[in-house]
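Student: Could you show me how to read a protein model, one feature at a time?
Tutor: Gladly! Let's look at it together.

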Amino acid sequence: MPSVLGALKEQTTRHHQRAERAVNLMTPGLTPERYAAVLGVNCALHSALEPVIAGRLRAALSPDGWAALAVSTQSRLPGLQRDLVALGHRVTPPLPHGGDHVTSEAAAWGAAYVLEGSALGGQVVSRHLRAAGFPDAALHFYGSDGQPVGPRWRTFGRLLESRYNAAEDPARFVHDAVRAAQQTFILFETLSAQDAAGSF
């Protein structure tokens with residue numbers, strides 16, 4: 001049986017690239033205001049998505065499976081909130097209807113794939129931000145609060161593949177997961193572009 005992680009990566013690459021361009025944190029001369037705005041977009045989306053994803057997956061998994069996943073996918077909201085406060089900005093409220101596309105277990109895995117994958121990319125971003133002079137007090141989110149992201153990602157991937165392999169309709173599982181991941185990337189892209197235009 002093919003890998004669902006492979007399908008997610010292959011079928012969301014363009015969406016991922018567009019979202020990264022919209023966020024544009026690696027640009028030279030990044031200002032604290034622009035960085036805070038990006039954190040605000042993340043805060044709005046994470047606070048909308050994390051509870052919905054957790055609810056879907058907790059209902060689908062065994063107690064042991066949920067316990068393992070909960071350890072590997074701890075909320076990144078506290079770090080986001082600390083970073084915004086450190087920069088002198090308010091904590092952004094949840095995006096209304098931001099989790100409406102997470103309508104099934106497979107969709108929850110797809111949305112979680114985007115959030116969890118951003119922790120891996122955040123390691124590169126945090127090094128860039130630190131080199132650009134941003135203080136550690138504002139780098140909790142992209143630095144994953146100093147926690148190792150490799151083991152977290154591997155646990156997430158193992159549990160996702162296990163659920164995919166156990167699915168009654170694996171093709172449907174992949175379809176729903178990919179669609180939700182694409183929609184999640186589109187949310188990041190759209191809100192980041194709106195923010196850059198001053199309309200978020």
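This is a predicted model: local features need pLDDT of at least 70, side-chain atom pairs count only at pLDDT 80 or more; totals for chains, interfaces and linings use all residues.

Student: What is the phi of His97, and is it positive or negative?

Tutor: Phi of His97 is positive, about 65°, although His97 is not a glycine. Asn24 is another non-glycine residue with a positive phi, in its case near 55°.

Student: Where is Asn24 found?

Tutor: Look in the loop between α1 (4–23) and α2 (32–60). Asn24 has a relative accessible area of 39%, so it is partly exposed.

Student: Now the helices, please. How are two packed helices described?

Tutor: The description uses two values, the angle between the axes and the distance between them. Take helix α5 (residues 105–131) and helix α6 (residues 149–165): their axes come within 10 Å and cross at roughly 160°. Angles over 145 degrees count as roughly antiparallel, so α5 is roughly antiparallel to α6. The crossing of these two helices, α5 and α6, is left-handed.

Student: Which residues make the contact between α5 and α6?

Tutor: On the α5 side they include Trp109, Ala112, Tyr113 and Leu120, and on the α6 side they include Arg152, Trp153, Phe156 and Leu160. Sorted by class, the contact of α5 with α6 has ten nonpolar, two polar and four charged residues.

Student: I see aromatic rings there. How many aromatic pairs are there?

Tutor: The count comes to seven aromatic pairs. One of them is Trp109 with Phe156, a tilted pair at 5.5 Å centre to centre, with 55° between the planes. This pair links distant parts of the chain, as Trp109 is in helix α5 and Phe156 is in helix α6, 47 residues apart.

Student: Are Trp109 and Phe156 buried or exposed?

Tutor: Trp109 is buried, with a relative accessible area of 0%. Phe156 is buried too, at 0% relative accessibility. Another pair joins Tyr113 and Trp153: their ring centres are 5.8 Å apart and their planes lie at 50°, so this pair is tilted. It also links distant parts of the chain, with Tyr113 in helix α5 and Trp153 in helix α6, 40 residues apart.

Student: And how accessible are Tyr113 and Trp153?

Tutor: Buried means under 20% relative accessible area. Tyr113 has 12%, so it is buried, whereas Trp153 is at 21% and counts as partly exposed.

Student: Which rings are linked into a cluster?

Tutor: Ring pairs link Tyr35, Phe134, Phe141 and Tyr142 into one.

Student: At what angle do α2 and α4 pack?

Tutor: Their angle is about 150°, with the axes 10 Å apart. That is why α2 and α4 are roughly antiparallel to each other. The crossing of α2 and α4 is left-handed.

Note on methods: Residues are numbered from 1 along each chain as its sequence is written. Side-chain values use heavy atoms; hydrogens and water are left out. Axes are lines fitted to C-alpha atoms, for helices over the stretch in contact, and angles run from 0 to 180 degrees between N-to-C directions. Helices (H or I, at least four residues) and strands (E, at least two) are DSSP runs, numbered from the N terminus. Angles under 35 degrees count as roughly parallel, over 145 as roughly antiparallel, 65 to 115 as roughly perpendicular and the rest as oblique. A crossing is left-handed if the near helix is turned anticlockwise from the far one by less than a right angle, and right-handed if clockwise. Contact means heavy atoms within 4.5 Å. Ala, Val, Leu, Ile, Met, Phe, Trp, Tyr, Cys and Pro count as nonpolar, Asp, Glu, Lys and Arg as charged, and the others, Gly among them, as polar. Buried means under 20% relative accessible area, exposed over 50%, partly exposed in between (1.4 Å probe, protein chains only). Rings of Phe, Tyr and Trp (its six-membered ring) pair if their centres lie within 6.5 Å; planes under 30 degrees apart count as stacked, over 60 as edge-to-face and the rest as tilted.
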